[in-house]
Amino acid sequence: YIEVDNYAGGLVGETTSLKTMGSIYVIPRFSSAAAVIASQYAGGLVGNGTGLKLNSGESIVMALEVGNSDSEYVGGLAGRVYDCEVSTNKLEMGDGSTENIKTSTILIQGAKYVGGLIGQLYNATLRGHDANVFDYNEGAGVTLPSKRRFVWDVNYKVSGANYSGGAVGEMVEGSNIYNICSNATNDGDDRIGGIVGNASKTGNVIDCVNLNTVIVKNTSAGGICGYVDGNTKFLDCINFGTITGGQYIGGIVGYASWWDGHTDIDWCVNCGDVTGQRTVGGIISYYDTEGHWYYPSNSKNAYIVEIAYKCANYGTIKASNDDDGDDHTQSIGGIVGSAPNTKNCIKRCVNHGTVDGGDSAFGGVGGIVGSIGHDPKLWYEYDNCRVLECANFGTIKNTGDNTNAGGIVGYMEEGWNYKDSI
């Protein structure tokens with residue numbers, strides 16, 4: 001049992017610039033302390049690591065408890081890693097006895113930056129088993145390959161008030177996540193994701209799978225990522241878990257902002273049910289480019305950014321709005337909940353799931369996107385988001401008053417320039 005103020009790790013509390021000293025390789029069945037607790041930087045193996053290569057190998061037994069409800073930077077492997085490369089193939093957690101590896105409940109908890117593996121990934125890379133995550137035949141469904149490896153093979157829970165992820169709490173400054181499959185249940189207040197809670201000024205999230213439940217009490221939850229602050233690419237990711245919460249709830253990404261660059265979501269699939277209030281989407285709930293396109297372009301094709309490309313939803317998308325529905329950003333879509341601003345594109349996406357607004361009032365309920373544009377028009381709204389080569393096979397449901405519903409788009413603002421949005 002380890003409990004200190006800062007820098008607690010089952011193996012190392014803090015490392016600094018270990019690159020020149022080689023790597024840390026953890027042998028199979030390595031067992032750290034039963035519990036690792038710190039106010040900041042608590043990790044099952046490393047509290048805070050800088051400039052190291054950490055390879056957890058095939059099998060590892062770690063702490064049953066990491067962090068407490070007030071901790072920051074908490075992770076099953078490391079609380080925070082900076083300028084590092086972390087590799088893991090298959091990770092088992094328990095108290096060291098064979099019979100308890102499958103039955104022990106593992107708890108990773110904290111107030112902020114809480115991840116099943118890494119609390120905060122800073123200019124670093126997390127890499128799992130190198131394999132294709134899923135097979136997807138458009139219209140025929142999604143299956144996982146028979147030879148797949150889970151990161152976790154136990155009863156596993158990640159609980160963080162803010163910035164909490166099944167694998168990583170927050171990834172920043174050019175960080176990457178590859179080939180991670182999470183079977184952790186995950187809950188928190190804001191910015192909660194099945195793989196990563198918050199992504200800011202970062203790189204890639206590729207070939208990742210979430211298999212379990214994500215619950216957010218307030219805003220921004222996604223099967224892969226809860227909140228994106230620009231400049232991140234999501235490719236070949238899939239969610240099978242149930243995603244529930246308040247506002248901005250998405251099957252892949254909850255909320256995306258563009259203050260630090262655009263977000264791409266390509267070849268991603270949601271198979272889990274997604275339920276929330278006001279703004280819900282099968283792939284992404286809300287894509288915000290506010291403040292970036294102040295002036296109209298001379299070209300219809302200039303600055304077009306694809307919100308979602310060749311993505312599919314098979315889950316039921318459901319929401320209940322407790323407002324009057326006048327705000328068209330509060331919408332539900334099989335692919336995108338709301339695309340309120342300009343110069344975006346949803347292309348070659350398909351929805352197979354039911355989109356259900358119940359008896360609440362919404363700005364829009366649509367098979368592909370709930371609403372496009374603002375009402376009333378805002379001063380920066382020149383060109384609307386465009387929906388190209390998309391198809392909806394799902395049922396659209398809504399019995400609320402003052403709701404706009406459509407097989408492709410529920411509500412579309414006229415824009416100021418071009419009107420060829422669909």
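Mentor: We start with burial, where a residue counts as buried if its relative accessible area is under 20%. Keep in mind that this is a predicted model.

Trainee: Why is strand E5 called largely enclosed by the rest of the structure?

Mentor: Seven of the nine residues of E5 are buried, so the strand is largely enclosed by the rest of the structure.

Trainee: What makes tyrosine 41 count as buried?

Mentor: The relative accessibility of tyrosine 41 is 13%, and the cut-off asks for a value under 20%, so tyrosine 41 counts as buried. Tyrosine 73 also has a relative accessible area of 13% and is buried.

Trainee: Which strands pair with E5, and how do you know that they do?

Mentor: Two strands pair if there are at least two bridges between them. Six bridges join strand E1 (residues 2–9) to E5, two join E5 to strand E9 (residues 65–66), and three join E5 to E10, with a parallel run in each case. As for the residues that face one another, valine 4 stands opposite alanine 38 in E5, alanine 35 is opposite glutamate 65 in E9, and glycine 43 is opposite glycine 75 in E10.

Trainee: How many aromatic pairs are there if ring centres must lie within 6.5 Å, and why is the pair of tyrosine 41 and tyrosine 73 called stacked?

Mentor: The count comes to nine aromatic pairs. For tyrosine 41 and tyrosine 73 the ring centres are 4.8 Å apart and the planes stand at 15°; planes under 30 degrees apart count as stacked, so this pair is stacked. Tyrosine 41 lies in strand E5 (residues 35–43) and tyrosine 73 in strand E10 (residues 72–75), so the pair ties together parts that are 32 residues apart in sequence. Both tyrosines belong to one aromatic cluster, formed by Tyr7, Tyr41, Tyr73, Tyr113 and Tyr163.

Trainee: What makes arginine 191 a charge over the ring of tyrosine 227?

Mentor: Arginine 191 lies over the face of tyrosine 227, at 3.6 Å from the ring centre, and the distance limit is 6 Å. The charged end of arginine 80 likewise sits over the ring of tyrosine 122, at 5.2 Å from its centre.

Trainee: How do you know that serine 257 is buried?

Mentor: Serine 257 has a relative accessibility of 3%, and the cut-off is under 20%, so serine 257 counts as buried. Serine 257 is found in strand E32 (residues 253–257), and, leaving aside neighbours within four places in sequence, its contacts include Tyr227, Asp229 and Asp288.

Trainee: Why are strands E2 and E52 said to stand at the edges?

Mentor: Twelve strands form an open sheet with parallel pairing, in the order E2-E6-E11-E14-E19-E23-E27-E32-E37-E42-E47-E52. Strand E2 (12–15) and strand E52 (409–412) each have a single partner strand, so one side of each is left without a neighbour in the sheet.

Technical notes. Residues are numbered from 1 along each chain as its sequence is written. This is a predicted model: local features need pLDDT of at least 70, side-chain atom pairs count only at pLDDT 80 or more; totals for chains, interfaces and linings use all residues. Side-chain values use heavy atoms; hydrogens and water are left out. Rings of Phe, Tyr and Trp (its six-membered ring) pair if their centres lie within 6.5 Å; planes under 30 degrees apart count as stacked, over 60 as edge-to-face and the rest as tilted. Helices (H or I, at least four residues) and strands (E, at least two) are DSSP runs, numbered from the N terminus. Buried means under 20% relative accessible area, exposed over 50%, partly exposed in between (1.4 Å probe, protein chains only). A charge sits over a ring if NZ of Lys or CZ of Arg is within 6 Å of the ring centre and within 35 degrees of the ring normal. Contact means heavy atoms within 4.5 Å.
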